[in-house]
Amino acid sequence: MRSSIFSLCTLCMLCVFCILSCKRTENHVIITFDDANVDEWFAQRELFNNYNIKATFFITCPHKLTNEQIEKLKILVNDGHEIGCHGLNHVKATEENQYQYIEAEIIPALMILSDYGFTVTSFACPFGSATPYLDSMLTNYFSFIRKATYNIRDTLISTYPEIYTHKAQFCNTNAMGIDYNYNISMDNLEDALIKAKQTNTFLVLYAHVIDDSNEDYTISPQYLEELFKKMKKHRIGGETCRGVTGGIVK
Ligand SMILES: [Zn+2]
């Protein structure tokens, strides 16, 4: 009798465990936004919160932010989002400027963001690229470095291995552009989400302004919500860059 009760309890616990683990959401997407579109990002705060999606917002020209925009960014941080650095003046790194780049573009930007009260450990390269020398220097300031690509081959984005990254103390990864002008279908995105979950990796995405204009380098709230719905369908959550690395700079 006692052993059958024990077996029954074990079975019940197993069932509860299965139900909980089947329903658990795992983070497999890093959604990032670039430049200084703070007002447009903040306007979609409820959309992010409704789906419990955390994102990383990479700021360029931090010295041009208004006090109101700084307060909006602080609210976004309180919601669980991350603020990253996208350079002081959005200068493209080249072999010509790489030796001055840290002094000119990185240190002052980090100082301003720090003065505002933000802890910054992630960097998105302006125009999506850096040189090997600069890559090596950036590791002194950041634990996550994000490049940028787009669907150059006009195919399934899941076929770009460079836009998937793993949990690690340091990440230097590419990312796929999903702005309106990149014309990535929701089926294409869903296929890429499924691959991230199946391979236990993070799919890295980037966009710019969130609005309805359908202009280049914008993403509509409707498209974003469709993405969030697909993520919810597959029980996939959004991770910040710092969430992937732990945010410890060597
Ligand atoms: Zn940019």
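I started with Ile30, and its bridge partner in strand S9 turned out to be Val204. Strands here are DSSP E runs of at least two residues, helices are H or I runs of at least four, and both are numbered from the N terminus. This is a predicted model, so I kept in mind that local features need pLDDT of at least 70 and side-chain atom pairs pLDDT 80 or more, while totals for chains, interfaces and linings use all residues. Residue numbers run from 1 along each chain as its sequence is written.

**Entry: S1 and its neighbours**

I looked up what S1 pairs with (two strands pair if DSSP finds at least two bridges between them). S1 and S9 pair in the parallel sense over five bridges. With S2 I again found parallel pairing over five bridges, and there Phe33 is partnered by Phe57. S12 (residues 236-238) also runs parallel to S1, joined by three bridges; Glu26 has Ile236 as its partner there.

Next I checked burial (buried means 20 or more other C-beta atoms within 10 Å of a residue's own, exposed means 12 or fewer, partly exposed is in between, with C-beta atoms placed from the backbone). Eight of the ten residues of S1 (residues 26-35) are buried, so the strand is largely enclosed by the rest of the structure.

**Entry: the core**

Which residues have the most contacts inside the largest nonpolar core? I got Val29, Leu203 and Leu205, in a core of 64 residues. Strand S9 (residues 202-207) gives this core its largest share, six residues. A nonpolar core is a set of buried Ala, Val, Leu, Ile, Met, Phe, Trp, Tyr and Cys residues joined through C-beta atoms within 7 Å.

Then I listed what Val29 touches (contact means C-beta atoms, placed from the backbone, within 7 Å). Leaving out residues up to four places away in sequence, the list includes Leu193, Phe202, Met231 and Glu239.

**Entry: helix H5**

H5 (residues 98-116) has 19 residues and reaches 27 Å from first C-alpha to last, close to the 27 Å expected. The expected span is 1.5 Å times one less than the number of residues.

I found a bend of about 30° at Ile106, with Pro108 following within four residues. The bend is the angle between axes fitted to the seven residues ending at a residue and the seven starting there.

Ile106 is also among the buried residues of H5, including Tyr101 and Leu113. Their cover includes strands S2 (55-59) and S3 (82-85) and helix H6 (132-138). After H5 I noted Gly117, with a positive phi near 105°.

Conventions. Two residues are in contact if their C-beta atoms, placed from the backbone, lie within 7 Å.
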